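Keep the structure in view as you read.

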Amino acid sequence: MIGGDDGSFAIAIISTQDPKTPITASSNRDSLCTQFSSPMSKTDQAAQREQRLAAKLRENLKRRKGQAKARSDSERQAPDPQTTPETVPVKKP
């Protein structure tokens, strides 16, 4: 963007298209317009919601399994001091 002294701005559009290729209406643009202009049905919304929830549940399960594994690994390496037998001082005669 280029700013003017009066507060106006100009936006330059730079094309990456080959200059010899004519610019035509893109079918991609048209599909994007129709994608957002038509509302989704309730069943489509419910299906997408279910898919999002299922993905979140899978992520949560993986995270919790990883946490449980890390917890069990750390417990295996450092035993709990309460479960070790107590040492009783022996009196010598």
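## A charged pair

Asp 73 and Lys 69 form a salt bridge, with 3.3 Å between their closest N and O atoms. The term salt bridge here stands for a side-chain nitrogen of Lys or Arg within 4 Å of a carboxyl oxygen of Asp or Glu. Side chains of opposite charge can pair when their charged atoms come close. Asp 73 and Lys 69 are four residues apart in helix 2 (residues 42-77), so about one helical turn separates them.

How accessible are the two partners? Asp 73 is partly exposed, at a relative accessible area of 24%, while Lys 69 is exposed, at 53%. Here buried means under 20% relative accessible area, exposed means over 50%, and partly exposed lies in between (1.4 Å probe, protein chains only).

Which residue forms a salt bridge with Asp 73 at 3.5 Å? It is Arg 76, with that distance between the closest N and O atoms. Arg 76 and Asp 73 both belong to helix 2 and sit three residues apart, about one turn of the helix. Arg 76 counts as exposed, with 64% relative accessibility.

Put together, Lys 69, Asp 73 and Arg 76 are linked in a network of salt bridges. The count of salt bridges comes to two.

Ser 41 lies in the loop between helix 1 and helix 2. Its side chain makes a polar contact with the side chain of Thr 43, at 3.1 Å. A polar contact is a pair of N or O atoms within 3.5 Å; within protein, one must be able to donate a hydrogen and the other to accept it, and residues adjacent in sequence count only if both atoms are side-chain atoms. Ser 41 is partly exposed, with a relative accessible area of 33%.

## The whole chain and its confidence

This is a predicted model, where local features need pLDDT of at least 70 and side-chain atom pairs count only at pLDDT 80 or more, while totals for chains, interfaces and linings use all residues. Residues are numbered from 1 along each chain as its sequence is written, and side-chain values use heavy atoms, leaving out hydrogens and water.

The chain has two helices and two strands, in the order β-β-α-α from the N terminus. Helices (H or I, at least four residues) and strands (E, at least two) are DSSP runs, numbered from the N terminus. Buried residues make up 0% of the 93 residues.

The average pLDDT, the predictor's confidence in each residue from 0 to 100, is 75 for the chain, and 49% of the residues score at least 70. Where pLDDT is low, the predicted coordinates should not be read in detail.
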